[in-house]
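The following paragraphs lead the reader through a structure, beginning with the division of one chain and ending with the contact between chains. Please keep the structure in view while reading.

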Amino acid sequence: MRRADVTRRRFTLLVGMAGVAPVAGAGPLTAESVVQRIQARLGGDWPETGPDGFKAGDAATAVKGIATTAMATLDVLKQAAKANANLILTYEPTFYSRADGHGPGGFGAGDPVVQAKRQFIEKSGLVVFRLRDHWQARKENEMVTGLASALGWRAHRVNNKDAVYEIPPASAEATVAAIRSRLNLRAGLRAAGDRKATVRRVLLFPGSMTPATMWQRYSEVDMIVAGEVREWENTHYAADMFTAGEKRALVTIGRVVSEEPGMRACAEWLRTVVKEVPAKWIGVGDPYWRPA
Amino acid sequence: MTAREVVELIKKNQGIPWNQRSTRDTFKIGNPDTTVKGIATTMMTTFDMLKRANAAGLNMVITHEDTFWNDRDDTQDLTENPLYKLKTEYILKNDMVVWRDHDHMHAMTPDYTVVGELRSVGIPGGEHATMRPGILTIPETTFGEFAAQVKRSSGARALRCVGDPKAKVSKILIGPGYATPRMMPEVDVVIGGEQQEADGAFDNMEYVLDAVSLGMPKGVIMLGHVISEQAGMEDFGNWLRTFLHDVPIRFVPAEEPYW
């Protein structure tokens with residue numbers, strides 16, 4: 001109860017600050033003030049215990065440019081620094097675990113890769129903020145529509161409240177080939193089920209899909225395109241459906257890859273929220289390869 | 001001999017105190033008092049595998065992984081699911097019974113899933129491996145050459161690698177299934193079945209991408225869950241034969257699910 005009160009008060013404060021933000025020359029645009037503006041626009045509670053928050057760098061840093069990304073890898077951070085974008089908004093963790101360098105798990109503060117990444121961030125004057133739950137919870141879920149756009153299916157949405165798309169019919173194999181080419185995928189794309197099925201209705205599911213969602217939704221569509229699933233749960237279900245004679249397919253494209261278009265859309269949205277500095281998206285790409 | 005008697009013998013021979021609270025290592029479906037005509041050992045009770053076992057006259061399935069598409073084999077939300085009905089009806093109609101041995105297999109010495117995994121990726125000397133065999137040394141090669149050897153040797157169609165193919169590697173850390181080990185400073189290559197890609201207890205994929213960006217010779221190979229634990233179920237069947245003499249025992253592989 002107490003936290004809810006504090007949060008509501010803080011939220012009102014944030015909205016108020018967003019209202020006065022356009023006052024130019026009132027001081028540098030800090031990472032903290034950018035984040036406050038984002039928080040006010042997205043609304044909701046921002047509990048300290050949630051995944052969203054500052055992960056590295058000094059929140060008082062003056063922002064020269066903003067980069068959004070599905071995952072703040074070192075390569076992404078290097079590109080951001082080069083492009084003069086010193087505030088990075090990342091959908092996934094920076095320090096290799098859900099705790100993101102703040103708690104147990106991950107690789108430990110003394111790990112050489114963790115240390116080198118922290119040093120690079122510090123030396124380059126970067127600030128990293130994780131923006132996941134609140135971006136995903138937005139009513140206009142651009143994690144879904146962004147992926148649909150990247151696949152060229154945006155206009156085929158069946159219902160604005162759902163993530164089912166009715167695309168021109170093609171075989172599952174041909175649809176998978178189109179997805180591979182559209183998203184420039186390598187070994188990160190894996191497909192199970194009936195490769196000969198005719199695919200018309202597709203459910204898009206960026207990120208990680210649970211078994212319960214799979215059981216509930218798979219029979220409504222010809223294909224599910226998800227970021228990742230657990231093989232011994234969802235993929236096993238798709239394989240059994242194939243054995244049962246069901247003409248459907250499950251395609252996983254990789255968790256991060258599935259989240260990239262949504263963070264690209266986030267950069268576009270940011271330009272409407274922060275007009276003083278440029279915002280750009282930096283891609284990670286399919287991290288997986290397969291030997292011949 | 002009944003399925004229940006088979007399980008009692010396995011428990012006695014597995015050589016570790018039985019954890020009665022395991023949600024995994026239990027009968028999943030079928031009557032435990034069914035007379036066993038033959039045993040099929042498998043990595044996962046797929047519908048396809050069940051049909052092949054039944055055709056071969058094997059009515060007891062000993063599986064390492066789940067039957068009903070979730071780790072706990074919780075069927076509460078599946079009672080109205082048509083695939084669940086089809087699969088359960090097939091099992092019951094054919095007088096089959098399914099029992100899972102997962103946690104205790106991994107706690108056993110050797111852990112046959114790892115014994116089989118090492119053999120299937122072409123790393124010799126793993127006949128007595130436990131679930132965490134420690135850092136293994138192979139003759140130095142490039143990560144790309146090693147990954148190609150692993151793919152050829154395991155037959156994995158949908159294997160995935162992260163890392164620099166030109167990196168020189170020799171220190172290997174391996175784990176079965178979802179128990180993909182955490183990359184360590186003194187390790188060059190981690191091999192596992194599968195792992196959540198990001199936002200987990202430790203995210204190997206991003207870690208290795210960053211290590212490569214720093215010029216460190218590191219790589220990860222994800223074999224796929226089925227492939228990583230498949231071969232060991234043949235070894236497990238061989239082990240069963242050392243104390244189950246009167247019933248046919250056959251390894252019936254689960255198919256790699258990917259195209």
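Domain bounds, as used here, come from an automatic or database domain assignment. The model itself is predicted. For chain A, the assignment gives domain 1, made up of 2–137 + 260–281, and domain 2, which covers 142–253. Taken over C-alpha atoms, the centres of domain 1 of chain A and domain 2 of chain A are separated by 31 Å. The contact between these domains involves six residues of domain 1 of chain A and seven residues of domain 2 of chain A. On the side of domain 1 of chain A that touches domain 2 of chain A, helix H10 (residues 255–273) of chain A gives the most, with five residues. By residue class, that side of domain 1 of chain A divides into three nonpolar, two polar and one charged.

Consider next strand E2 (residues 66–71) of chain A. This strand is mostly covered, as six of its six residues are buried. Five bridges join E2(A) to strand E3 (residues 87–92) of chain A, and the two run parallel. Within this pairing, Thr69(A) has Thr90(A) in E3(A) as its bridge partner. Between E2(A) and E3(A) the chain passes through helix H3 (residues 74–82) of chain A, and this β-α-β crossover is right-handed. E2(A) is also joined by three bridges to strand E10 (residues 279–281) of chain A, again in a parallel arrangement. Here Ile66(A) stands opposite Ala279(A) in E10(A).

A further sheet of chain A is open and consists of five strands in the order E5-E7-E8-E9-E6, with mixed pairing. Why do strands E5 and E6 of chain A each have one side without a neighbour in the sheet? Strand E5 (164–171) and strand E6 (190–193) of chain A stand at the edges and each have a single partner strand, so one side of each is left without a neighbour in the sheet. On average, neighbouring strands of this sheet are turned by 30 degrees against each other, direction ignored. The partner of E5(A) is strand E7 (residues 198–208) of chain A: five bridges join the two, which run antiparallel. One of the bridge pairs links Ser171(A) with Thr198(A) in E7(A). Helix H6 (residues 142–151) of chain A packs on the sheet and touches E5 and E7 of chain A, its direction making about 135 degrees with that of E7(A). Another helix, H9 (residues 231–243) of chain A, lies across E6 and strand E9 (249–252) of chain A and runs at about 40 degrees to E6(A).

Attention now turns to chain B. Leu9(B) is found in helix H1 (residues 3–14) of chain B. Leu9(B) counts as partly exposed because it has 14 C-beta neighbours inside 10 Å, whereas a buried residue would need 20 or more. Leaving aside residues up to four places away in sequence, Leu9(B) touches Phe243(B) and Leu244(B). Although Leu9(B) and Leu244(B) are 235 residues apart in sequence, their C-alpha atoms are 8.1 Å apart in space.

Finally, the contact between the chains takes 48 residues from chain B and 49 residues from chain A. Several elements of chain B each supply at least two residues of the side that touches chain A, among them helix H2 (47–55), helix H3 (82–93) and strand E6 (160–163). The largest share of this side of chain B, seven residues, comes from H7(B). The residues of the side of chain B that touches chain A divide into 25 nonpolar, nine polar and 14 charged.

Technical notes. Residues are numbered from 1 along each chain as its sequence is written. Chains are lettered from A and ligands numbered from 1 in the order in which they are written. This is a predicted model: local features need pLDDT of at least 70, side-chain atom pairs count only at pLDDT 80 or more; totals for chains, interfaces and linings use all residues. Two strands pair if DSSP finds at least two bridges between them. Helices (H or I, at least four residues) and strands (E, at least two) are DSSP runs, numbered from the N terminus. Axes are lines fitted to C-alpha atoms, for helices over the stretch in contact, and angles run from 0 to 180 degrees between N-to-C directions. Two residues are in contact if their C-beta atoms, placed from the backbone, lie within 7 Å. Ala, Val, Leu, Ile, Met, Phe, Trp, Tyr, Cys and Pro count as nonpolar, Asp, Glu, Lys and Arg as charged, and the others, Gly among them, as polar. A residue is buried if 20 or more other C-beta atoms lie within 10 Å of its own, exposed if 12 or fewer, and partly exposed in between; C-beta atoms are placed from the backbone. A crossover is right-handed if, with the strands pointing away from the viewer, the path from the first strand over the helix to the second runs clockwise.
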